[in-house]
Structures are given as structure tokens and as C-alpha cells.
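Welcome, and thanks for taking a look at this one. Here is a short briefing to read alongside the sequence and the 3D view.

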Amino acid sequence: QVQLVESGGGLVQAGGSLRLSCAASRRTFSTYDMGWFRQAPGKEREFVAAINWSGGTTYYADSVKGRFTVSRDNAKNTLYLQMNSLKPEDTAIYYCAVGAGRLVRYYDYWGQGTQVTVSS
């Protein structure tokens with residue numbers, strides 16, 4: 001089992017940037033494909049971005065493509081999500097998880113989430 005802890009969320013104005021981090025508890029992090037999801041109030045959890053174990057493959061939701069960048073540092077057991085040109089509709093709780101693909105059911109372990117609020 002792996003524990004994931006997200007950080008870096010906060011309140012930012014539209015057009016601003018934030019970088020989220022997800023620290024993993026195990027050295028085997030380097031063998032895991034990872035993803036970012038988000039959930040806004042009253043909405044289902046949705047896919048944001050994902051990255052394979054080596055960092056060589058990344059993919060994004062259309063809504064964030066060109067604005068968000070997912071990356072990882074396997075030496076630090078940490079996953080990142082750089083978010084630029086933030087919009088009010090990006091407001092949500094952001095979660096990192098172990099798995100691959102665009103569907104929630106393909107992910108096994110989840111962090112507790114970090115709140116991102118974008119003001120207009």
C-alpha cells in the first residue's frame with residue numbers, strides 16, 4: 001500500500017499559477033503510473049492529467065491542455081502539477097492517485113486532496 005499526500009493548493013486570482021505536489025510514501029513510487037483528478041462541489045470527480053512511471057508519457061483533459069503540466073521526480077518520490085492561466089472553473093479539490101487512464105475506477109490509491117480556489 002502507498003500513502004499519498006497532496007500540497008500546494010490555495011487561493012489565486014484568475015490568470016495566476018499554482019504548483020501542486022503529491023508526496024508518496026514508498027520508494028516503489030518510481031514504478032507507478034500516476035494521475036491527477038479534481039472534484040468541484042456538486043460534480044463528479046474528473047480526470048485532469050496523468051503520467052507514466054518514467055515520465056516519458058503524459059496526457060491531459062482537453063479542458064487543461066496547454067495550461068497544466070504534469071511531471072514527476074522519482075528520486076524525491078513526488079508528483080507535480082503545474083497549473084498556469086488558472087480560471088474560476090478550475091476551482092476544485094485536486095487529488096493524486098496511483099493508476100493509469102482517464103477513469104476513476106482505474107486508480108487504486110488516493111491522497112486526501114488539496115483545495116484550489118480561483119477567484120474572478
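Which residues does valine 5 touch, not counting residues up to four places away in sequence? In this predicted model, valine 5 touches Ser21, Cys22, Ala23 and Gln112.

**Around valine 5**

- Valine 5 sits in strand S1, which covers residues 4-7.
- With a relative accessible area of 46%, valine 5 is partly exposed, because it falls between the 20% cut-off for buried and the 50% cut-off for exposed.
- Asparagine 77 lies 72 residues from valine 5 in sequence, yet the two C-alpha atoms are 11 Å apart in space.

**The disulfide**

- The link between cysteine 22 and cysteine 96 is right-handed, with 65° about the S-S bond.
- Is cysteine 22 buried or exposed? Cysteine 22 is buried, at a relative accessible area of 0%.
- Cysteine 96 counts as buried too, with 0% relative accessibility.

- As background, most residues other than glycine have a negative phi.
- Asparagine 77 has a positive phi, near 55°, although it is a residue other than glycine.
- You will find asparagine 77 in the loop between strand S7 (68-73) and strand S8 (78-83).
- Asparagine 77 counts as buried because its relative accessibility is 14%, and the cut-off for buried is under 20%.
- Serine 85 also has a positive phi in a residue other than glycine, in this case near 50°.
- The place of serine 85 is the loop between S8 and S9.
- At 40% relative accessibility, serine 85 is partly exposed.

**The chain as a whole**

- How many helices and strands does the protein chain have? The chain has zero helices and 11 strands, so from the N terminus on its elements run β-β-β-β-β-β-β-β-β-β-β.
- A compact globule of 120 residues would have a radius of gyration near 14 Å, and the 13 Å of the protein chain agrees with that.
- Taken along the principal axes, the C-alpha atoms fill a box of roughly 40 × 25 × 25 Å.
- Among the contacts with a separation of 6 or more, 55% are between residues 24 or more positions apart.

**Surface and charge**

- Of the 120 residues in the protein chain, 44% are buried.
- The protein chain exposes about 6200 Å², and carbon and sulfur atoms supply 47% of that area.
- There are 13 positive and 9 negative side chains in the protein chain.
- The centres of the positive and negative sets lie 4 Å apart.

Technical notes:
Residues are numbered from 1 along each chain as its sequence is written. This is a predicted model: local features need pLDDT of at least 70, side-chain atom pairs count only at pLDDT 80 or more; totals for chains, interfaces and linings use all residues. Side-chain values use heavy atoms; hydrogens and water are left out. Helices (H or I, at least four residues) and strands (E, at least two) are DSSP runs, numbered from the N terminus. Buried means under 20% relative accessible area, exposed over 50%, partly exposed in between (1.4 Å probe, protein chains only). Contact means heavy atoms within 4.5 Å. The radius of gyration is taken over C-alpha atoms; the globule rule is 2.2 Å times the number of residues to the power 0.38. Accessible areas come from the Shrake-Rupley method with a 1.4 Å probe; for residues, only the protein chains shown count as cover. Lys and Arg count as positive and Asp and Glu as negative; His and the chain ends are not counted. The place of a charge is taken as NZ of Lys, CZ of Arg, CG of Asp or CD of Glu. A disulfide is a pair of cysteine sulfur atoms within 2.5 Å.
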